[in-house]
Structures are given as C-alpha cells and as structure tokens.
Amino acid sequence: MEVLEAIQTRQSTRLFQQNPIAVEALKQLIEAAVRAPTASNAQNWVFGIVTDPLKLESLRSLSPGLIGHPAAMIIFCIRTDPNPETGELQIPEYTWMGIGSALQNCLLMAHSLGIGTRPIGSYHKKGVAIYLNLPENILPVLIMAVGESMDKPRKPRNINIEKVCFWEEWGEL
Ligand SMILES: Cc1cc2nc3c(=O)[nH]c(=O)nc-3n(C[C@H](O)[C@H](O)[C@H](O)COP(=O)(O)O)c2cc1C
C-alpha cells in the first residue's frame, strides 16, 4: 500500500473480530513504531504487547474508552528516566511527541497489513500500571487496540487545509 493511500484510508476500528493476530505481525507493528523520530534520538519508550484473553479482558475493564473486543493491545509507555541504551532523557513534551510519532507509524503499518486499530486514551492509568506490574519509571500513556476490523471503510474525509494553515505569518484563517 502506498503511504498516501494508507494515510487517506486509515480509520479507527470499532468492531473487532476475535481472531488472533500473528505474533510476526505484532512485531512488525513495533518495528514500525521504533523507527519514528525522537528528540536527540532518545527513544524514551517501551511497548507492552498483550494477547492473553484473560489479561485483555482485565485491561478492558480498566478502559472505559474501549469499545469492542480487540485481539491484542499494545501499551505505549514512556520512560521517565534516561534510556539505558541511548543514555538520553528528554523533556516530557518531546517524549510525548515521540510517542505520537510512534503511534502514527504503528497505525499506518497495521492498516497496510490489513489490521484494524484504535488508539485508546481513556483508561485507568494507575490501574493499568499496577495490573501490568510496571516499575515507577515506566508510565503507560496510550493503549492501541488491535484486531481484524469488521467495520465498513468510510469515505475519505474532506478537510480544507486552508482552515488550519497560515502562510509566512499569522493572518486571517
Ligand atoms: C490520543 C488519542 C486518544 C484516543 N482515545 C480514544 C478513546 O479513549 N476511545 C475511543 O474510542 N477512541 C479514542 N481515540 C480515537 C479517536 O476518537 C479517533 O482517532 C478520531 O475520532 C478520528 O477518527 P479516525 O481515527 O477514524 O480517523 C483516540 C485517539 C487518539 C489519537
């Protein structure tokens, strides 16, 4: 799938099929995530992959924002201490931007593999951290629900970029 086509046709999944997602495919999603840019190449992130049905059910109960039953979840976490690999620690704003880039890579990679996804920000952060036994320096900042989609593809959204741009300097939008 071409990048432009992937960008234009990606959509968040509501209805997931229960079929498991191949481990290789899940690894490909993480491979895509870790190729995202980060400030000073700090890579202050960790990705948890959950496929165990009982664990998924428990995480669902901690996630009011999650509709449906995904076959897997990827927990995007940030490190609050220097990455032992790079020795780098970044200001939180940059770390969050890195997570956003990793998320988008992951969403597009999943879409290009024919896998549905939905980012979930509405979940009990402390509860998820305790349930997954995370140390204090690892914060779960986003859950990505993953599974085969049963949703119908929607029409590409028509967005007028003139309404969100300014050219050269601030003017009337
Ligand atoms: C940071 C973030 C948090 C989100 N949290 C939720 C959520 O808790 N529950 C949910 O159903 N969708 C959630 N979404 C998905 C958005 O609602 C969805 O991306 C948006 O409506 C645009 O739709 P699209 O992804 O199909 O283009 C989240 C998306 C992002 C980027």
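Colleague: Which exposed residues does the face of H2 turned away from its buried side carry?

Modeller: Glu-24, Lys-27 and Glu-31. Keep in mind that this is a predicted model.

Colleague: And which residues of H2 are buried?

Modeller: Leu-26, Leu-29 and Ala-33. Looking down the axis of H2, those buried residues fall within an arc of 50°, so they line one face of the helix.

Colleague: Why would residues three or four places apart point the same way?

Modeller: An α-helix has 3.6 residues a turn, so residues with that spacing point the same way.

Colleague: What do the buried residues of H2 pack against?

Modeller: They pack against S1, S2 and helix H4, which covers 92-112.

Colleague: OK, the sheet. What order do the strands come in?

Modeller: The order is S1-S2-S4-S3, four strands in an open sheet with antiparallel pairing. S1 (45-50) and S3 are the edge strands, each pairing on one side only. From one strand to the next, the twist averages 25°.

Colleague: What do strands of a sheet pair through?

Modeller: Backbone hydrogen bonds, in either a parallel or an antiparallel arrangement.

Colleague: How many bridges join S1 to S2?

Modeller: Six, and the two strands run antiparallel. As one example of facing residues, Ile-49 stands opposite Ile-74 in S2.

Colleague: And how many join S2 to S4?

Modeller: Eight, again with the strands antiparallel; S4 is residues 138-147. Phe-76 stands opposite Leu-142 in S4, and the bridge partner of Arg-79 in S4 is Ile-138.

Colleague: That leaves S3 to S4. How many bridges there?

Modeller: Five, antiparallel as well. Ile-120 has Ile-143 in S4 as its bridge partner.

Colleague: Switching to the ligand. Which residues surround the ligand?

Modeller: Gln-11, Ser-12, Gly-65, Ile-67, Arg-118, Pro-119, Ile-120, Gly-121, Ser-122 and Leu-142.

Colleague: Where does the largest share of that shell come from?

Modeller: Strand S3, residues 116-120, which supplies three residues.

Colleague: How many of the shell residues are nonpolar, polar and charged?

Modeller: Four are nonpolar, five polar and one charged.

Colleague: I was also looking at Ser-63. Where is Ser-63 found?

Modeller: In the loop between helix H3 (53-61) and strand S2 (72-79).

Colleague: What does Ser-63 touch, leaving out residues up to four places away in sequence?

Modeller: Ile-120, Ser-122, Tyr-123 and Ile-143. Of these, Ile-120 and Ser-122 are also among the residues surrounding the ligand. Ile-143 is 80 residues from Ser-63 in sequence, with the C-alpha atoms 9.0 Å apart in space.

Colleague: Why is Ser-63 classed as partly exposed?

Modeller: Because Ser-63 has 19 other C-beta atoms within 10 Å, and a residue is buried if it has 20 or more and exposed if it has 12 or fewer.

Colleague: Another loop, then. Where is Asn-41 found?

Modeller: Asn-41 is in the loop between helix H2 (23-33) and S1. It has a positive phi of about 55° although it is not a glycine.

Colleague: What about the phi of Gln-43?

Modeller: Positive, at about 50°, and Gln-43 is not a glycine either. Gln-43 lies in the loop between H2 and S1.

Colleague: Gln-43 first: buried or exposed?

Modeller: Gln-43 is buried, with 20 other C-beta atoms within 10 Å. Asn-41 is exposed, with 11 within 10 Å.

Colleague: Last one. Where is the place of Ser-112?

Modeller: Ser-112 is in helix H4. It is partly exposed, with 17 other C-beta atoms within 10 Å.

Colleague: And what does Ser-112 touch, not counting residues up to four places away?

Modeller: Met-1 and Ala-6. The C-alpha atoms of Ser-112 and Ile-7 are separated by 9.6 Å, and those two residues are 105 apart along the chain.

Colleague: Thanks, that covers my list.

Terms used: Residues are numbered from 1 along each chain as its sequence is written. This is a predicted model: local features need pLDDT of at least 70, side-chain atom pairs count only at pLDDT 80 or more; totals for chains, interfaces and linings use all residues. Two residues are in contact if their C-beta atoms, placed from the backbone, lie within 7 Å. A residue is near a molecule or strand if its C-beta atom, placed from the backbone, lies within 6 Å of it. Ala, Val, Leu, Ile, Met, Phe, Trp, Tyr, Cys and Pro count as nonpolar, Asp, Glu, Lys and Arg as charged, and the others, Gly among them, as polar. Two strands pair if DSSP finds at least two bridges between them. Axes are lines fitted to C-alpha atoms, for helices over the stretch in contact, and angles run from 0 to 180 degrees between N-to-C directions. The arc is that of the directions from the helix axis to the C-beta atoms.
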